Amino acid sequence: MRPSKSTSKSRGNETVSVLRFRLEPTKEQEQKLFRTFFLCRKLYNQALEDRVMSYREKGITIHYTDQQNRLPVWKREHPEYQEVHSQVLQNVLQRLDQAFVNFFEKRAKFPKFKNKFMFRSITYPQARDTYFHDNQVYLPKIGWVRMRAHLPFDPASVKIINVKFHDGKWYVNLTSVTKTIAPRTETCKSVGIDLGLLSLVATSDGEFFENPKWLQKSEKRLKRMQRQLSRKKKGSKNRQKAKHKLQGVHDHVANQRKDHLHKISRSLVDRYDLICMEDLQVKEMMKNHRLAKSIGNASWGKLATYLEYKAKNAGKHLIKVPPHYTSQRCSGGCGTIVKKNLSVRLHQCPTCGLEIDRDVNAAINILHRGLEIRHQAS
Ligand SMILES: [Zn+2]
């Protein structure tokens, strides 16, 4: 098996592609994976026997849904199944069902009981984009596993994760589904965007995208729960419970935030052909440490990523410009540097008299810089 093999095929207006990367589990993770194979194989054989016996003794054909409904009972009878993620167990039953479908449609022989050499892969059928971070993939019940990702991919498009052991090596297959986008009509419009804390995004057209109230509320709730957790006794049951609950809310808020950033980036890419933004790596170096602690940074980075691939998919352009003086310089054409600290919301130019929101002023400067860069490149 070759790593980073990529296959893709189109299906209606969707493209399904599979990327294969090498996995590098630790010794401990490897043990857990082998144990998972063992338990999945046990379930597969048990479910197969269940189908065969039911047909032989009662003449009743059992289907996938019947077996899925029986899963909780099997889990009670064999508590060791709890060690395996529930979706992985469901997938085992789906595999068996597929084996029967293949048999009934005369594409394969009657399903066989599997020995340990025949069961060397597991599938997580509902991947999330939060399962990927820094060349690692999160396999529920196994942990964060190192992954040699040679090719770039969009974590949000990954729907299925399949882990395989072959010839003494570990592999992960990532199945992505992306919408095939119809070519858009050009809008011939350009925009500059300024990323801030007060407003998440301000555009050179004077539009603002705020963090919505419900998101602020969720974030407040998260902070409150963090404080409550810190007051609970270390190692106590209550602390464990609170920790678990906190993780749930944390994931929920992260997803809400992402949804919101997806909406903003979609709205901008739909309406503009050229989007200019600040180069965040440089902005990062300029940042002041109190601001750095803010949630802003994480959101900015995500928004930049979303804009980048959405623009690319839609055949549009994203230009990153150096952020120096974008908030101080007057965008009215006079170029005067108007110093102002963060509390000053209005840009007032003593030279040309321009009065404009400080973030919109910055966004216009960013647009001008982007257009300059574009002009020089062509
Ligand atoms: Zn001016």
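**Entry 1: the zinc site**

I looked up the geometry around the zinc ion in this predicted model. The four donor atoms subtend angles of 105 to 118°, so the arrangement is tetrahedral (for four donors, all angles must lie between 85 and 135 degrees). I then identified the donors, that is, N, O and S atoms within 2.8 Å of the metal, or 3.2 Å for Na, K and Ca. They are the SG atoms of Cys330, Cys334, Cys349 and Cys352, at 2.1 to 2.4 Å. Along the sequence, the spacing of these donor residues reads C-x3-C-x14-C-x2-C. Cys330 lies in the loop between β13 (317–321) and β14 (346–348), while Cys352 lies in the loop between β14 and β15 (355–357), 22 residues apart. I note that strands are DSSP runs of E with at least two residues, and helices are runs of H or I with at least four, numbered from the N terminus.

I also checked accessibility, where buried means under 20% relative accessible area, exposed over 50%, and partly exposed in between, with a 1.4 Å probe and protein chains only. Cys330 is buried at 3%, whereas Cys352 is partly exposed at 40%.

**Entry 2: basis of the values**

I recorded that residues are numbered from 1 along each chain as its sequence is written, and that side-chain values use heavy atoms, without hydrogens and water. In this predicted model, local features need pLDDT of at least 70 and side-chain atom pairs count only at pLDDT 80 or more, whereas totals for chains, interfaces and linings use all residues.

**Entry 3: strand β9**

I examined β9 (residues 190–195) next. Five of its six residues are buried, so this strand is largely enclosed by the rest of the structure. I looked for its partners, given that two strands pair if DSSP finds at least two bridges between them. Strand β12 (residues 274–278) runs parallel to β9, with three bridges joining them, and Val191 stands opposite Ile275 there. Strand β10 (residues 201–203) pairs with β9 in the antiparallel sense, over three bridges. In that pairing, Ile193 faces Thr203, and a hairpin of five residues joins β9 to β10.

**Entry 4: Gln256**

I located Gln256 in helix α5 (residues 237–271). Gln256 counts as buried, at 16% relative accessibility. Leaving aside residues up to four places away in sequence, Gln256 touches Trp214, Leu215 and Ser218 (contact means heavy atoms within 4.5 Å). The side chains of Gln256 and Ser218 are also joined by a polar contact of 2.8 Å. A polar contact is a pair of N or O atoms within 3.5 Å; within protein, one must be able to donate a hydrogen and the other to accept it, and residues adjacent in sequence count only if both atoms are side-chain atoms.

Methods. Tetrahedral: all angles 85-135°; square planar, octahedral: opposite > 155°, others 65-115°.
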